[in-house]
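Have the viewer open while you read.

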Amino acid sequence: MGKPQQLTLKEAVALINDGDFLTFSGFTIWRRPMAFVYEMVRQGKKDLHLFEVNGGTHTEVLAGAGCVKIWESCWVGHELYGKLGEAVARAQVEGTIIVEDYSHAQCVARILAGAYGLPFMPTALSMGTDILNPKYDNLKKAGLRDGSNPKIPLKKYDIIHDTLYDKGEILLMPAVNADWAIIYASQVGDEGTVRMFAHSYVDAETIKAADKVIIIAEEMVPDSYLRQDPDRNIAPGHAIDYIVVQPWGAHPTGSQYYYDVDADFIRTFYAASKTKETFDQWAAEWIFGVSSHEEYLEKLGVNRLQKLRANSVLGYSTSVKRGTR
Amino acid sequence: MAKNYATNYKPVDLLAVAAAREVNDGDVVFAGTGLPMLAILLAQVSHAPNAVCIYEAGTVDGRALDLPTSVGDARCAWQASIAAGLTETFYGQLHSGYVDLGFLGGAEIDKYGNVNTTVVGDYSAPSKRFTGSGGNPDINSFAKRTVFIMVQEKRRFKEHVDYITSPGWRLPKWPSGEIVHRREVFGKFYKGGPTAVITNMGVFRFDDDGIMYLDTVHPGFTPEQVRDNCSFDLNISRCRGETEKPTEEEIYLLYNRVDPEGIFLP
């Protein structure tokens with residue numbers, strides 16, 4: 001605990017060990033810690049176990065680069081800019097990744113339980129689906145529900161009978177307490193107070209549920225400024241372990257009030273992600289072809305970034321062409 | 001006054017308009033990205049100005065100035081009454097019972113309204129993976145009514161879906177897997193279920209046994225053609241006739257108010 005430590009991106013990524021259990025901030029193609037993800041690929045992290053309330057472009061970068069061994073989530077894709085998660089799909093079909101499917105709200109229940117120090121959270125959502133089919137428990141099939149890994153629950157879920165109000169059967173979703181939460185934040189204070197703009201998603205819960213938290217902040221600001229409006233903050237500094245200040249750290253995903261989603265970049269990545277060969281070519285250019293996020297930004301160029309820059313009142317870019325008209 | 005029906009429209013326009021007509025004024029609607037979003041927004045600027053829209057990323061009753069491209073977009077948060085994240089939308093709004101109507105999509109559907117958005121083939125050794133469930137089964141679990149917007153193809157309208165991602169009317173009750181009525185699976189939590197499926201060929205509803213039937217057929221198609229585009233034996237005996245065409249005003253609103261940039265309607 002105590003005051004969070006400020007690190008460079010490379011130093012922070014070096015803290016992650018092969019096989020570690022990670023969760024991320026954001027939602028699909030919004031506020032993902034992309035700079036951190038690229039650097040994990042550069043540093044060759046392996047066998048990562050991911051729990052994600054939902055996946056997105058960052059998931060596909062990690063899965064395509066062969067960094068992921070276990071993916072527990074409910075969804076992966078790039079919204080309008082790429083309808084499938086091709087790298088996860090390919091790995092699941094080839095059997096090189098263990099996928100454990102839950103529903104979106106069941107994932108939220110899991111991270112809520114983790115955040116509040118509870119072993120499980122009840123939910124009545126998505127009963128009667130094949131998500132609950134005992135035959136489809138992939139972590140069990142892989143022999144990983146034997147208790148040897150304290151981060152993997154003994155069962156995918158449980159069903160109990162409500163003995164308090166006699167409402168019948170209800171599901172229990174096991175807590176998630178990952179080793180690391182990798183959180184891209186709009187602003188972080190110099191004492192670690194965290195603020196997100198426009199949407200909070202499940203970022204506050206994801207921070208609380210993890211053993212260690214790394215903030216990748218668009219900006220660092222005085223904590224005294226954030227403390228003028230404490231109701232807009234989502235986490236106190238004592239919950240944060242490390243801080244990396246990394247402007248444009250979420251590109252190509254969007255960061256509300258800083259920059260919009262880079263749709264063309266994600267479309268190009270999505271096309272490349274469809275085969276291993278084209279993914280590798282893409283990674284050679286955009287991940288291994290640059291040595292830092294600064295170099296990546298330089299390669300993107302000022303004009304491209306300027307176009308993505310958010311209108312300071314609306315929170316999104318008004319200069320990108322989004323449709324055909 | 002007689003309605004001024006559009007003479008020139010695309011299949012996707014009719015889909016959006018037919019879907020919008022499922023919204024009652026005052027409904028609390030939980031909508032996904034894409035056509036579901038167009039449908040609720042069209043309803044709000046036409047016959048259902050008091051409908052409330054919830055997007056699962058966390059915003060409630062937003063009044064976007066520009067069409068969001070996804071539910072996590074900053075545009076969704078503009079003028080929202082609250083923007084409180086997924087815990088609020090899934091548990092504070094949905095699980096607590098506020099939601100009247102869910103607007104969803106799907107890759108495959110069976111005659112009981114079970115929807116697959118997860119895999120093709122055996123889940124243990126799939127030949128293809130789709131995006132996964134997202135919030136589809138959650139919204140469909142607790143909305144009082146659910147409307148699915150889908151593409152009509154024989155391979156998508158199946159006797160049995162490969163994987164039940166989202167619950168229809170007849171479901172496995174776990175852990176045994178015995179197939180029972182949805183009411184038995186949800187018990188005292190039961191609130192409703194799929195009420196309509198809207199495709200590029202027709203509007204489908206569900207009978208008392210939870211089996212899909214053709215309610216109306218879109219102009220230009222026959223009920224038999226729709227049946228030929230289903231892998232199961234679709235009941236077309238209850239077809240009431242043609243789906244009401246879009247009006248000139250609805251088309252104008254779709255292209256000028258809802259999606260003027262041509263994001264989902266190129």
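1. Start with the largest nonpolar core, which has 191 residues. The members touching the most other members are Ile215(A), Ala19(B), Val29(B), Ile40(B) and Leu42(B). Keep in mind that this is a predicted model.

2. Take Ile40(B) from that group: leaving aside neighbours within four places in sequence, its contacts are Val23(B), Val29(B), Ala31(B), Ala51(B), Cys53(B) and Phe103(B).

3. Helix H9 of chain A (263–272) has Ala263(A), Ile266(A), Phe269(A), Tyr270(A) and Ala272(A) buried. Those buried residues pack against helix H3 (57–64) and helix H10 (276–286) of chain A.

4. Now some backbone geometry to look over. Most peptide bonds are trans, and most residues other than glycine have a negative phi. The bond from His251(A) to Pro252(A) is cis, with omega near 10°; Pro252(A) sits in the loop between strand S13 (242–245) and H9 of chain A. Trp174(B) and Pro175(B) are also joined by a cis bond, omega about 15°, and Pro175(B) is in the loop between strands S12 (170–173) and S13 (178–181) of chain B.

5. Two non-glycine residues have positive phi: Thr28(A) at about 45° and Ser126(A) at about 65°. Thr28(A) is in the loop between strand S2 (21–24) and helix H2 (34–42) of chain A, and counts as buried because it has 29 C-beta neighbours inside 10 Å. Ser126(A), in the loop between strand S6 (120–123) and helix H6 (138–141) of chain A, is buried too, with 28 other C-beta atoms within 10 Å.

Key: Residues numbered from 1 in each chain as written. Chains lettered and ligands numbered in written order. Predicted model: local features only at pLDDT ≥ 70, side-chain atom pairs only at ≥ 80, totals over all residues. Buried ≥ 20, exposed ≤ 12 C-beta atoms within 10 Å, placed from the backbone. Helix = DSSP H or I, 4+ residues; strand = E, 2+ residues; numbered from the N terminus. Contact = placed C-beta atoms within 7 Å. Core = buried A, V, L, I, M, F, W, Y, C linked by C-beta atoms within 7 Å.
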